[in-house]
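Please examine the sequence and the structure before reading the points below.

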Amino acid sequence: MFLIVGGGIAGATAGAELTKLGRVVLWEAEAQCGHHASGRSAAMFEAAYGLPATIALNRASRADHEAAGHMSPRGLMFVGLDGQDDAFDRDVDVFAMTRIAPGEARARLPILSDAVRHAAYHADAWDLDTDAMLQAALRAIRREGAVETGRRIDAIERLPRGWRVRAGGAEIEAEVLVDAAGAWADGVASMAGIAPLGIVPHRRSMARLAAPGGHDVTGWPMVIGAGETWYAKPDAGALIVSPADEDAIAPQDAWADDLVLAEGLARYEAAVTEPVTRPLASWAGLHSFAPDRALVLGPDPADSGFVWCAGQGGYGFQTAPAAARLLADRVAGHPPELDAATIAALSPGRFA
């Protein structure tokens, strides 16, 4: 039996894939799955986003997203102001964008101001139905096992042929323990007697703004300021805006940093014609990274019964299908679909 610790998209999809190998039980500490990073995602699929190993997972996941009907058109635009030429040029190269005139950019996003001197666009960026993805994975686990919430881990004991894990008044034994605890992944490892990897959560603050100027924002692309110093994206008739912050913090139920959020909103405001009024809401999520910022997928080199599914950063949803398959293949000893260099870049063994 497999015990998954963590009910975000990483743990849920890994658990769904592992049902092909045996019974799966998923334990989530909060009252509902997807409460932390997964519930606060920007919900985008952009294949060129991330390190080479992350991009490989993105590309390997695309067909799954398309087949499940979880993708819908959005488009992506970068914009730059005076003095941002170098950062803008790097973004265009990394994301393989097509440069467009500022007038064309304003046709796509009518609130852009005359301060915008540079723009680039491509259509190959997509919204992801993150709730549908999470719920589909949880249903797959429930068909072959169980999903239990409110299970905050108290103790983990290594047995000769598996693990005994306690949470509150509950206790379970499993042959394989999968650490998908997000910001708490290193803490779970330490409880299991496994050396932590240095996974650190970073805060990402967000604000929801009313549709600027009363515009219908439905068809607007996601727009990112040069150097990823802010971004804005339509969401349910409103606009979510982020300073794209990544401040390291302790694992916690994160909240927006008011000063950082205000600075990010000011950077956004410098590129648009509509002033920022009081946000409808603000919040923060956690992007958790390993020291090299690549995902960590597979058995720990010191104990194959402990499996890492961690360090997703902000890439958890778009990488989820291929990441889950890679993890299950590593557990089962099957040849993965990805190339050897990518597998090595994602393996926990790279830190040994």
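Contact here means that heavy atoms lie within 4.5 Å. In this predicted model, 72% of the contacts in the protein chain between residues at least 6 apart in sequence join residues at least 24 apart. The protein chain holds 9 helices and 21 strands, and 56% of its 352 residues count as buried.

**Overall dimensions**

- The C-alpha trace of the protein chain spans about 70 × 40 × 35 Å along its principal axes.
- A compact globule of 352 residues would have a radius of gyration near 20 Å, and the 21 Å of the protein chain agrees with that value.

**Helix H1**

- Among the buried residues of H1 are Ile9, Thr13, Glu17 and Leu18.
- The cover over these buried residues includes four strands, namely E1 (2-5), E2 (24-27), E13 (176-179) and E21 (303-310).
- Helices H5 (130-144) and H8 (316-332) are also included in what covers the buried residues of H1.

**The cavity**

- The structure holds 1 cavity of 30 Å³ or more, and the largest cavity contains about 60 Å³ of space.
- Its lining comprises 13 residues, with Ala10, Thr13, Cys309, Gln312 and Ala323 lying nearest the centre.
- H1 and H8 are the elements that give two or more residues to the lining of the largest cavity.
- H8 gives the most to this lining, with 6 residues.
- By residue class, the lining of the largest cavity divides into 9 nonpolar, 4 polar and no charged residues.
- Two of the residues nearest the centre of the largest cavity, Ala10 and Thr13, are also listed among the buried residues of H1.

**The second largest pocket**

- The second largest pocket has a volume of about 370 Å³.
- It is lined by 19 residues, of which Tyr49, Gly50, Phe95, Glu228 and Tyr315 are the closest to its centre.
- Helix H3 (85-94) and strand E19 (281-289) are the elements that give two or more residues to the lining of this pocket.
- H3 gives the most to the lining of the second largest pocket, with 4 residues.
- The lining of this pocket divides into 9 nonpolar, 4 polar and 6 charged residues.

**Cysteines**

- A search of the whole structure accordingly finds 0 disulfides.
- Cys33 counts as buried, at 12% relative accessibility.
- Cys309 is also buried, with a relative accessible area of 4%, and lies among the residues nearest the centre of the largest cavity.

**Glu337**

- Glu337 is placed in the loop between H8 and helix H9 (340-346).
- At 47% relative accessibility, Glu337 counts as partly exposed, because that class lies between the buried limit of 20% and the exposed limit of 50%.
- Leaving aside its neighbours within four places in sequence, Glu337 is in contact with Ala60, Ala322, Arg325 and Asp329.
- The C-alpha atoms of Glu337 and Leu326 are separated by 7.5 Å, and these residues are 11 residues apart along the chain.

Methods
Residues numbered from 1 in each chain as written. Predicted model: local features only at pLDDT ≥ 70, side-chain atom pairs only at ≥ 80, totals over all residues. Heavy atoms only, no water. Disulfide = S-S within 2.5 Å. Buried < 20%, exposed > 50% of the residue type's maximum accessible area, 1.4 Å probe, protein only. 1 Å grid on protein atoms, 1.4 Å probe; cavity = no way out; pocket = protein on both sides within 12 Å on 5 of 7 lines; lining within 4 Å. Points joined across faces, edges and corners; volume = space filled by probe spheres on them. Nonpolar A, V, L, I, M, F, W, Y, C, P; charged D, E, K, R; others polar. Rg over C-alpha atoms; globule rule 2.2 N^0.38 Å.
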